[in-house]
Amino acid sequence: MNIVLLSAVFLPMLGGAVSYLIGRKSKTVRDYAVWAFAAAEFAIAVFLTAAAYEGSNASASIAEICGMGLSFKLDGFRALYVLISSFMWLAASIFSKEYLHEERNRNRYYFFWMVTLGATAGVLLSADLYTTFIFFEMMSFTSFVWVIQEEKKESIHAGNLYLGIAVISGLTMLMGVFMLYHEIGTLTMSEISAGIAAKKALSAVAGTEMALEARLFTSGCLMLVGFGAKAGIFLLHVWLPKAHTSAPAPASAILSGVLTKMGIFGILVLTGTMFRGSEAWGMLLLVFGMLTMLVGAFLALFSTHFKRTLACSSISQMGFILVGISMFALLKSNTLAINGALLHMLNHSLIKLVLFLVAGVIFMKMESLDLNEIRGYGRNKPLLHLAFGIGAFSIAGIPLGSGYVSKTLLHESLVEYLEEILGSANYGFVKTMEILFLVAGGMTLAYMLKLYIAVFWERGTAEKKPSCKPVTLSVILVPAAILLVLGLLPNLLMDAIAKFGVLTEAVPTGEHHGAVNYFAWANLKGAAISVSIGLILYFGLVRLLLMKKEGKQKVYVNRLPEWFDLEKTVYQPVFLRFLPFVCAFFSRVLDKFIDAVALVLRKTVLGPRKYHKAGIGTSILYALGAFFDGITALLNHTVFRRHPIEASFVKLIAISREEMGATFQLVARGVSFGLLMFCIGLLITLIYLVH
């Protein structure tokens, strides 16, 4: 079993290297090799899922790698999401063959494609946060290549933004990991809760419990920045619309359906191991979850680009999941919340696989994803119509769709928390959050209706374009069929998946609820409210305000103001102008200060010495100066009698020697000072590491 665990991580990386070498000889064989390695990973995932279902808690480790070693663990959630990820990778790999048929740099793309699959498995199977960090950063750097695949100006900009946020958030996360390790002495997920409890017991005796809580919360927030950036939560979401729009459609499907979930995985682990029952943490996640949900839906509602709308939708759906995780932290009986979060992760992954691959089909045939240019493409294409309809139906939370089940659980967890805090000061705030949850659900229906009607019902020249090949279409229909079955059999399938998928060690749950009647009126009422809001927004906002008449036809327009783009209005001014100005200002001040100190030292301690005979140096230099002085005296009595030479070579040699010595001393002092500072910094670092 240990070998199988390690194979799940490293076999795809080997596959990337082998596929790259094959691709230098044959592109066709390379494509099939990628399929074979992706299928092998899926087979391993099936085996691991079966083992976890039978109760296996296998583990594996590689000592002394990256300093602290790498460790891996198998349980329900890990196995489930490795299975989902490998399935999506296999489907997207098959789709990539037709989609990338005429693209450049396919060898490079497939190499990093497979390496990222291995890194993703490494994140999911990691048993400690250090291993999580290693593979998380690897995943960020390798997936960056997908974003810049087309090497256009927009792609390079999106890639730079993606990489910049990944690097900054990764370093922030590493700082939080080190802080946690410093406090409790372990990063193993199954030991963190016990380590914190032991540390709190000691701090209670010493009377420093509040300080410990503050340090742990700071550590958690630093790691939240790292994980939240990948999940695309509000304020760190700006990379997502640009990266998804620029990347190839199969890469967008993985970025949205899998890589964002790696961030959610980290937040889930933090919540379950460090902040179970923490009101401050739960409220923090609830606020950011709501903001993420609403901002993403708002951006999607105004977008007129097919893939950008789906990307903004992903931001919004991460907000829904984050709300579930916040309720997981706050509720005493938290099964509704954690099951809703896990099932919505599953649903969103499969839904975005379907929707982004549909976008890929449209782009292959139309070379555009502007709604005004692709309108009507889906007419007379019943299978593509069916697949997109199932995905849109599910994500909108309409009853009988799989998304309805997970959103119902998330909404009911909010209602349950309201019952727990009835009469408290937070009741009004959380009640507002519940209303906004239903509004965000309505916004989801509105923007999905916008895409659905534009592409599959409205008339346009695009409807005459052909569809994709049968093999490519099949990888869209299979996940769509899975979504349909899950939605029709929620108690039989989705409840069982949720029960299996709970992280048994890293995320302990409370009391379990009985079977949920998803089609009871109490649950249908929330969906009915969201659907009503969605229809009002579509017909009252999209059709009236977000379209305008041009000739005989109404066209979609983006009325979103430019200042709503956080990257342009906030991040670019701060990071490209304000911070460089501040750093340059303080650098100049420091430079002037050092110059002033040097001047004072030159005037005092290091000031020039008075000339004296001993300063001439060796007797040879003195004799040389006296010799030239003798020649000068002879010339002054003969040739230069009218204009005698007044310089003394003895003094000139002495002064030159003094100046050269002073210069050498200054250089030596500068080098010595730099080496001294380096040694002091190195010593401090070593003391910190040893401590």
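1. How many residues has helix α18, and what does the helix reach from its first C-alpha to its last? In this predicted model, α18 (residues 470-488) has 19 residues and reaches 26 Å between those atoms, close to the 27 Å expected at 1.5 Å a residue.

2. The buried residues of α18 are T472, L473, V475, I476, P479, A480, L483, L486 and G487. Viewed down the helix axis, they fall within an arc of 160 degrees, so they line one face of α18. In general, an α-helix has 3.6 residues a turn, so residues three or four places apart point the same way.

3. The cover over the buried residues of α18 includes α3 (76-99), α13, α15 (382-395), α16 and α19 (490-501). For I476 in particular, the contacts beyond four places away in sequence are F95, V354, L357, V358, V361, L384 and A387.

4. Helix α16 (residues 402-420) holds H411. This histidine has a relative accessible area of 9% and is therefore buried, the cut-off being under 20%. Leaving aside residues up to four places away in sequence, H411 touches E434, F437, L438 and G526.

5. Regarding cysteines, a search of the whole structure finds zero disulfides. C312 counts as buried because its relative accessibility is 0%, whereas C221, at 23%, counts as partly exposed.

Definitions and conventions:
Residues are numbered from 1 along each chain as its sequence is written. This is a predicted model: local features need pLDDT of at least 70, side-chain atom pairs count only at pLDDT 80 or more; totals for chains, interfaces and linings use all residues. Side-chain values use heavy atoms; hydrogens and water are left out. A disulfide is a pair of cysteine sulfur atoms within 2.5 Å. Buried means under 20% relative accessible area, exposed over 50%, partly exposed in between (1.4 Å probe, protein chains only). Contact means heavy atoms within 4.5 Å. Helices (H or I, at least four residues) and strands (E, at least two) are DSSP runs, numbered from the N terminus. The expected span of a helix is 1.5 Å times one less than its number of residues. The arc is that of the directions from the helix axis to the C-beta atoms.
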